[in-house]
Amino acid sequence: MRGQDLETALAAEHAAVYAYGVIGARTTGSLRATATAAFNAHRARRDQLRALITASGGVPVEPDPAYRLPVTPSTPAQAVELATLVERGVTAAYLELTASSDTAVRRMAALAMQECVTRSYGLRPEIETFPGMPAAPAPTVSGTPGAPSSSVPPS
């Protein structure tokens, strides 16, 4: 296990906790409940990473006092956009840890990524390319390129 990979994941969790605090403060109803659940989940992962770093003799990085958010949510759509960006960023931060030689760390990272992707999909149901993987090729349609894909013959 590389300490830098743990620190990268920890820094992402610190940022996620901050972002979800902002989201929760600017939303209501079910979106606030979703943000609160995500805040608590990221806080728990943050604490787990801090414990791992400390147990291995390291000193965990402290959170920044504030973070520059890519979106400052003032509408529910902006809150969902920010939350989706946060989940994608945290997923990417855990990617290196899935290659750890430590089975427990590898499992923790894979579960954390799964949770992030599930939260992101729950907010915005779309499938994205897995972090670090090339984009999927465009689907091909049999027949003439550029021709309409209708089953009705042209008249």
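**Entry 1: helices and the model**

Helices here are DSSP runs of H or I with at least four residues, numbered from the N terminus, and by that reading I place Glu 13 in helix α1. I note at the outset that I am working from a predicted model.

**Entry 2: the nonpolar core**

I looked up the largest nonpolar core and found that it holds 32 residues, of which Tyr 20, Tyr 94 and Leu 97 touch the most other members. Four helices each supply at least two residues of this core, namely α1 (3-25), α2 (29-55), α3 (76-94) and α4 (103-123). I then asked which helix gives the largest share of this core, and I found that α1 does, with nine residues. As background I wrote down that in soluble globular proteins nonpolar side chains tend to be buried together.

**Entry 3: Glu 13**

Is Glu 13 buried or exposed? I found that Glu 13 is buried and yet has no salt bridge, since the nearest side chain of opposite charge, that of Arg 45, is 5.5 Å away, whereas a salt bridge needs the nitrogen and the oxygen to lie within 4 Å. What I did find for Glu 13 is a polar contact of 2.5 Å, which joins its side chain to that of His 42. Not counting residues up to four places away in sequence, Glu 13 touches His 42, Arg 45, Arg 46, Leu 49, Val 90 and Tyr 94.

**Entry 4: salt bridges**

I searched the whole structure for salt bridges and noted five. One of them joins the side chains of Arg 45 and Glu 115, at 2.9 Å from N to O, and this pair links distant parts of the chain, with Arg 45 in helix α2 and Glu 115 in helix α4, 70 residues apart. I recorded Arg 45 as buried because its relative accessible area is 11%, and Glu 115 as partly exposed because its value is 33%.

Another salt bridge is formed by Arg 46 with Asp 47, where the closest N and O atoms are 3.0 Å apart; Asp 47, at 40% relative accessibility, counts as partly exposed.

I also looked at Arg 50, which forms a salt bridge with Glu 62, the closest N and O atoms being 3.4 Å apart. Arg 50 lies in helix α2 and Glu 62 in the loop between α2 and α3, so this pair ties together parts that are twelve residues apart in sequence. Arg 50 is partly exposed, with a relative accessible area of 26%, and Glu 62 is partly exposed as well, at 49%.

**Entry 5: the aromatic pair**

How many aromatic pairs does a search of the whole structure find? I found one: Tyr 18 and Tyr 67 form a tilted pair, 5.3 Å centre to centre and with 55 degrees between the planes. This pair links distant parts of the chain, since Tyr 18 is in helix α1 and Tyr 67 is in the loop between α2 and α3, 49 residues apart. I noted Tyr 18 as partly exposed at 27% relative accessibility, and Tyr 67 as partly exposed with a relative accessible area of 21%.

**Entry 6: Ala 37**

Last, I looked up Ala 37, whose place is in helix α2, and which counts as partly exposed because its relative accessibility is 47%. The C-alpha atoms of Ala 37 and Tyr 20 are separated by 9.3 Å, with the two residues 17 apart along the chain.

Definitions and conventions: Residues numbered from 1 in each chain as written. Predicted model: local features only at pLDDT ≥ 70, side-chain atom pairs only at ≥ 80, totals over all residues. Heavy atoms only, no water. Core = buried A, V, L, I, M, F, W, Y, C linked by side-chain atoms within 4.5 Å. Buried < 20%, exposed > 50% of the residue type's maximum accessible area, 1.4 Å probe, protein only. Lys, Arg positive; Asp, Glu negative; His and termini not counted. Polar contact = N/O pair within 3.5 Å; in protein donor to acceptor, adjacent residues only side chain to side chain. Contact = heavy atoms within 4.5 Å. Phe/Tyr/Trp six-rings, centres within 6.5 Å; stacked < 30°, edge-to-face > 60°.
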